[in-house]
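Welcome! Have a look at it before reading on.

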Amino acid sequence: MTPTRISFEKWFERQYASMELCFLCGKTLTKDNSTKEHIFPQWILNKFDLWDKSITLLNGIRYDYKRSIIPCCNVCNNEHLSKLESIIKNGVEKGYQFFKENVPLIAIYQWCQLIFYKWLYKETFFKENVKDPHSEKIVRKENFESMSLNHLLLRSIDKRIKFENFFPGSIFICHLKTGQNASDNFDYLDAVPEQCIMLRLGEIGIVVMLADSEIQKYVFADQYRVYLSNILAPIQLKNLFIQCMYRQHLFNDPYSFELKDITDDSLTISQIPKENFTGDVYTEWLHTDYAILLNQVFGGGMHNYLVEKGIPSFLFDKDGNFKDRAFDSDGTILPNE
Ligand SMILES: [Zn+2]
């Protein structure tokens, strides 16, 4: 094996549920280089007053934001990650218009992939059922191992990775209404199998499909335009997330990836059509399945979501005009009302 090849394989060094290695670069941690990386960075906890608040994990357990930390080396933490954080923080501080027009899409992508991956990493430590000593972890070993592409894409933070002929994910940035209390203006949702996340950061709403090569962004541009050209209430952003997530559930990825031009600290990723790919990129949208999903998330009864025409949503009134909903309308208000 050539030295470059050996070094390259180190890029992928990850250990399941380990406190011994840096979650990003895989370096062994010692008392001299070990730091703790917050899943939601400290500036988010300050800005949205989350230090005493908690998030609900996949196993239903509530977990304090302030205790949500993972192992990281000092170089990754203080150099690579803090550089990325300062780009995002500056953008968020300056508001929706600035964020949308000035923050590079690649930085937004890396930051969203980072939060998604950090949660997965954290969830390798927790049992699905905390009362059962034999319970599996929330994120099982095989699922963690299948996330190696996420990890490689994340390495674009500390290595020079060129995406040759594609961008890895669809990103939607929405303008949102805000409430009085700082903590009401933050929210995070993720869907692990579909690799989608939603973040609500004050007046900035972000929905990202982390692994769709921007297909949703282009194929459904007309359908999603209403979300991108109006000021949304939180429930409407959540509605976009659920719609994107269900679409992603139907996604058959037509691409695979080739790694080339590998050096010790750089590589190129090229997208190629899958040789054996046949059929549609999205399997058939089923209104009933989507209605079940909406009812699970928003409640109110199935019949409310089985509309005769189109896709039920929290966006329109009975006459089909955009519905200017109140900031706090969540859960109890029915779609197309
Ligand atoms: Zn590191």
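The questions and answers below walk through this predicted model.

Q: What domains does the protein have, and how far apart are the centres of domain 1 and domain 2?
A: The domain assignment gives domain 1 (1–159) and domain 2 (164–168 + 215–337). Their centres, taken over C-alpha atoms, are separated by 25 Å.

Q: Where is W111, and what does W111 touch?
A: W111 sits in helix α5 (residues 105–123). Not counting residues up to four places away in sequence, W111 touches L84 and I88. From W111 to K27, the separation is 84 residues in sequence and 21 Å in space, C-alpha to C-alpha.

Q: What makes α5 largely enclosed by the rest of the structure?
A: The count of buried residues does. In α5, 15 of the 19 residues are buried, so the helix is largely enclosed by the rest of the structure.

Q: How do you know that the reach of α5 is close to the expected one?
A: The expected span is 1.5 Å times one less than the number of residues. For the 19 residues of α5 that gives 27 Å, and the helix reaches 27 Å from its first C-alpha to its last.

Q: How do you know that the span of helix α10 agrees with its number of residues?
A: Helix α10 (residues 234–249) has 16 residues, which should span 22 Å at 1.5 Å a residue. Its end C-alpha atoms are 22 Å apart, so the two values agree.

Q: What makes α10 mostly covered?
A: Of the 16 residues in α10, 15 are buried.

Q: How many residues does the largest nonpolar core have, and which have the most contacts inside it?
A: This core has 65 residues, and those with the most contacts inside it are C112, V208, L240 and F241. Its largest share, ten residues, comes from α5. The core also draws at least three residues from each of domain 1 (1–159) and domain 2 (164–168 + 215–337).

Q: Which residues is L240 in contact with, leaving aside its neighbours within four places in sequence?
A: L240 is in contact with F172, C174, V207, Y224 and Y227. For a contact, two C-beta atoms must lie within 7 Å.

Q: Which residues of strand β6 form its covered face, and which its uncovered one?
A: In β6 (residues 170–176), the covered face holds S170, F172, C174 and L176. The uncovered face has I171, I173 and H175.

Q: How do you know that β6 pairs with strand β9 and with strand β10?
A: Two strands pair if there are at least two bridges between them. Six bridges join β6 to β9 (residues 204–209), and these strands run antiparallel. With β10 (residues 231–232), β6 pairs in the parallel sense over two bridges. H175 takes part on both sides: it stands opposite I204 in β9, and its bridge partner in β10 is I231.

Q: Why are β5 and β11 said to stand at the edges of their sheet?
A: Three strands form this open sheet, in the order β5-β12-β11. β5 (160–163) and β11 (255–260) each have a single partner strand, so one side of each is left without a neighbour in the sheet. From one strand to the next, the twist averages 25 degrees.

Q: Why is L259 called partly exposed?
A: The word applies between the limits for exposed, 12 or fewer C-beta neighbours, and buried, 20 or more. L259 has 13 inside 10 Å, so L259 counts as partly exposed. This residue is found in strand β11, and it touches L267 and I269, not counting residues up to four places away in sequence.

Definitions and conventions. Residues are numbered from 1 along each chain as its sequence is written. This is a predicted model: local features need pLDDT of at least 70, side-chain atom pairs count only at pLDDT 80 or more; totals for chains, interfaces and linings use all residues. Helices (H or I, at least four residues) and strands (E, at least two) are DSSP runs, numbered from the N terminus. Axes are lines fitted to C-alpha atoms, for helices over the stretch in contact, and angles run from 0 to 180 degrees between N-to-C directions. A nonpolar core is a set of buried Ala, Val, Leu, Ile, Met, Phe, Trp, Tyr and Cys residues joined through C-beta atoms within 7 Å. Domain bounds come from an automatic or database domain assignment.
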